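This briefing describes one protein chain for a reader who is new to structural analysis. Please keep the sequence and the model in view while reading the points below.

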Amino acid sequence: MKIKILKSNIQLENDRVLLLPFENERNEELKEIIFDKKIWKFMGMNVNNEQGFKNYIAKTIKDKNNRLCYPFLIIDKQNNKVAGCTRYGNVHTANKKCEIGWTWLGTDFQGTGLNKACKYELLQFGFENIGFRRIQFRTDKENLSSQKAIENLGAQKEGVFRNNYVAPNGESRTDVYYSIIKEEWNSLKTERFSEFLVY
C-alpha cells in the first residue's frame, strides 16, 4: 500500500467535481454555506458562528497534520463554487483500510449528483492508487437520505453500532456501517459509476 501518497498534495477531478487539499485558501469560502444548521444534524458537532468556523478549520488542519485524516474541499465545477468537505479518515495502514466520511455539502449542492462524483474519485484513488483493500462508510441510523446515498454507491450494509457517538446535545447516537472491498471495486465501477469512466 502506498500510504506515503497521503503526505503529498492530492488533487482529484472529473467533469463534475474538483477535490482540493483542505489547506487551500479557498476554505474561507466555506463561510458562505457552513452556518446552515440542517447540515450538522447528524454530524456530531455544530458550526454556527465565526468562532465555530475558525475552530472547525483549525481542528481539521490539525487532524491532518497529526495524520488522523486527509481532508478535501469539494468544488462544484459547474459553477466553480466551494460546495463542502469530505475526507479519508480512520486510516489503518497494517490492515489496508480507511473510512470515507465527515462529508457535508451546502444545502444547494445536495441531491445534485455532486456527492456521487466526489465518492467516485475517492474510491477510485483509494483502491487504485493508495491500495486500500477496504473502504468503509458510516452514517446515523436516522439519516435515511445518507443511507440511501451510500447504498447507491453499491456499498454493503454490515451492521448497526449502538451508542456509537455522542451528539452535541449529549445524546448517544447509533450508526449504520457499510463497506466496499477491493474485490468488488472493478465491477462496481462499471455498474455504478460508468458516467465517470474515460475510455
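In helix H4 (residues 182–192), Glu-184, Trp-185, Leu-188 and Lys-189 are buried; buried means under 20% relative accessible area, exposed over 50%, and partly exposed in between, with a 1.4 Å probe and protein chains only. These residues lie on the same side of H4 because they cover an arc of only 140° around the axis, the arc being that of the directions from the helix axis to the C-beta atoms. The model is predicted: local features need pLDDT of at least 70, side-chain atom pairs count only at pLDDT 80 or more, and totals for chains, interfaces and linings use all residues. Residues are numbered from 1 along each chain as its sequence is written, and side-chain values use heavy atoms, with hydrogens and water left out.

- Helices (H or I, at least four residues) and strands (E, at least two) are DSSP runs, numbered from the N terminus.

**Ser-179 in strand S8**

- Ser-179 is found in strand S8, and it counts as buried because its relative accessibility is 3%.
- The side chain of Ser-179 has a polar contact of 2.6 Å with that of Glu-158 and one of 3.3 Å with that of Arg-134.
- A polar contact is a pair of N or O atoms within 3.5 Å; within protein, one must be able to donate a hydrogen and the other to accept it, and residues adjacent in sequence count only if both atoms are side-chain atoms.
- Leaving aside neighbours within four places in sequence, Ser-179 is in contact with residues including Ile-135, Gln-136, Ala-155 and Glu-184, where contact means heavy atoms within 4.5 Å.

**Salt bridges**

- A search of the whole structure finds 15 salt bridges; a salt bridge is a side-chain nitrogen of Lys or Arg within 4 Å of a carboxyl oxygen of Asp or Glu.
- Side chains of opposite charge can pair when their charged atoms come close.
- Arg-138 and Asp-175 meet through their side chains in a salt bridge of 3.6 Å, N to O. Arg-138 lies in strand S6 (residues 134–140) and Asp-175 in strand S8, so the pair ties together parts that are 37 residues apart in sequence.
- Within this pair, Arg-138 is partly exposed at 30% relative accessibility, whereas Asp-175 is buried at 2%.
- Asp-140 and Arg-173 form a salt bridge whose closest N and O atoms are 3.0 Å apart. This pair links distant parts of the chain, with Asp-140 in strand S6 and Arg-173 in strand S8, 33 residues apart.
- Both Asp-140 and Arg-173 are buried. Salt bridges that share partners join Asp-140, Glu-142, Glu-171 and Arg-173 into one network.
- Lys-31 forms a salt bridge with Glu-28, with the closest N and O atoms 3.5 Å apart. Lys-31 is partly exposed at 30% relative accessibility, and Glu-28 is partly exposed with a relative accessible area of 43%.

**Glu-121, a charged residue without a salt bridge**

- Glu-121 has its place in helix H2 (residues 114–130).
- Glu-121 is buried yet has no salt bridge, and the nearest side chain of opposite charge, that of Lys-77, is 8.8 Å away. For charge, Lys and Arg count as positive and Asp and Glu as negative, while His and the chain ends are not counted.
- Apart from neighbours within four places in sequence, the contacts of Glu-121 include Leu-12, Val-17, Leu-19 and Tyr-88.

**Gln-11, before strand S1**

- Gln-11 is placed in the segment before strand S1 (12–13) and is exposed, with a relative accessible area of 51%.
- Gln-11 and Pro-21 are 10 residues apart in sequence and 6.6 Å apart in space, C-alpha to C-alpha.
- Not counting residues up to four places away in sequence, Gln-11 touches Leu-18, Leu-19 and Leu-20.

**The chain as a whole**

- The chain has four helices and eight strands, which follow the pattern β-β-α-β-β-β-α-β-α-β-β-α along the sequence.
- Buried residues make up 47% of the 199 residues in the chain.
- Of the contacts in the chain with a separation of 6 or more, 62% come from residues 24 or more positions apart.
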